[in-house]
Amino acid sequence: MPAKKTGKKKQKVLVTGAAGVLAQQTIARLSGSHPIVAVDFRRAVEIGPDIPSYRVDFLKRGLEDVFRQHDIGTVIHIGRIGTDIGGKFFRYNANVIGTQKLYDLCVKYNVNHVVMMSSYFVYGASPYNPALLDEDTPLKASDLTLNLIDTVELENLSQIYLYKHPQLNMQILRPTNIAGPGVRNNIGRLLSRRWAPVLMGFNPVMQFIHVLDLADAISLLLEKPKKAGIYNLAPNDWVPYKTVLSECNIHAVPFPSVPTGLTVGISRWLNWKAFPSYLVNYFKYPVIIDGGKFERTFGFKPARSLEEIFTHYRELKKEPWV
């Protein structure tokens, strides 16, 4: 039976992926006004004496124990296993099946607000994409592989719960490239390096959102009235890829772009995590998303400029280990 909620104390906010910089920045913004519970599949993160922290495998019993012990009102689901951890099927089970269990527990224990972090990758990179992708654009996810299928299936699963369980007040966020201090995703790794590949004949425009702006956006959702739905998160500016490399003091290394199989083969041969083969098309075709809906709904505008992002990665080049 679901745990009874007395209403005497403020309900807690469960944040997944607590070992990551985005989750930690989000927790820092919320901890003064909301009781927090932190979980991560990697380790129990030491955040503060007043914040319970657990290492939890979503596929095992320990996750429900967290719901039993704490009166959870909001779940912010940031934790997702990246492509640099485990195999394809392990990631699928953890990210999709594990998240389904999380959502089922949200329903069982009467959680009334769920924020789910998706990705702009779900749109797919294609030469036939419209110039600006809004939330109603079909999720083509062209060149879908097992490396991205968990991302797409996670979004599809979340949309099912969004419409089937309106009491969850679910908000699905699709941020563009997340960058900035502490970010260890593919684009963060690439911009941290001294050289990066450029596919000959291509120079797609790209968008970036600062990790601190994204944390601001997530925390804003707990202060505003709950408006369920799907939201892109991106600033209203973009820049060509080659300009990004120049601004970040990165040397561009030309890669052959045809035939496509050669580019993918080189990427696989290098086994370079910053330029994985399944993202090759994202370095060929622009995937520019419209963040206007989130801005209009919640009154949000990113506070950090592209130059602030580029400055961070220029400064990294001064470190001898980069």
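Biologist: Why does Phe67 count as buried?

Modeller: Buried means under 20% relative accessible area, exposed over 50% and partly exposed in between, using a 1.4 Å probe and protein chains only. Phe67 has 1% relative accessibility, so it's buried. Tyr109, at 4%, is buried too. Keep in mind that this is a predicted model, where local features need pLDDT of at least 70 and side-chain atom pairs count only at pLDDT 80 or more, while totals for chains, interfaces and linings use all residues. Residues are numbered from 1 along each chain as its sequence is written, and side-chain values use heavy atoms, leaving out hydrogens and water.

Biologist: How many aromatic pairs are there?

Modeller: The count is 12. Rings of Phe, Tyr and Trp (its six-membered ring) pair if their centres lie within 6.5 Å; planes under 30 degrees apart are stacked, over 60 edge-to-face, and the rest tilted.

Biologist: What makes the pair of Phe67 and Tyr109 tilted?

Modeller: The centres are 5.8 Å apart and the planes 35 degrees, so the distance passes the 6.5 Å limit and the angle falls between the 30 and 60 degree cut-offs.

Biologist: Which parts does that pair tie together?

Modeller: Phe67 is in helix α2 (residues 62-69) and Tyr109 in the loop between α3 (88-108) and β5 (113-117), so parts 42 residues apart in sequence are tied together. Helices (H or I, at least four residues) and strands (E, at least two) are DSSP runs, numbered from the N terminus.

Biologist: And why is the pair of Tyr241 and Phe283 called edge-to-face?

Modeller: Their ring centres are 5.3 Å apart with planes at 65 degrees, so edge-to-face it is. Both residues are buried.

Biologist: How do you know that Lys293 lies over the face of Tyr231?

Modeller: A charge sits over a ring if NZ of Lys or CZ of Arg is within 6 Å of the ring centre and within 35 degrees of the ring normal. Lys293 is at 4.9 Å from the ring centre of Tyr231. Tyr231 also forms one aromatic cluster with Phe294, Phe298 and Phe300.

Biologist: Why is α6 described as largely enclosed?

Modeller: Nine of the 11 residues of α6 (residues 211-221) are buried, so the rest of the structure largely encloses this helix. Among them are Leu214, Ile218 and Leu221.

Biologist: What makes a nonpolar core?

Modeller: Buried Ala, Val, Leu, Ile, Met, Phe, Trp, Tyr and Cys residues, joined through side-chain atoms within 4.5 Å. The largest has 69 residues, with Leu173 and Phe294 among those with the most contacts inside it. α6 gives the most to this core: seven residues. A second, separate core of 27 residues includes Phe67.
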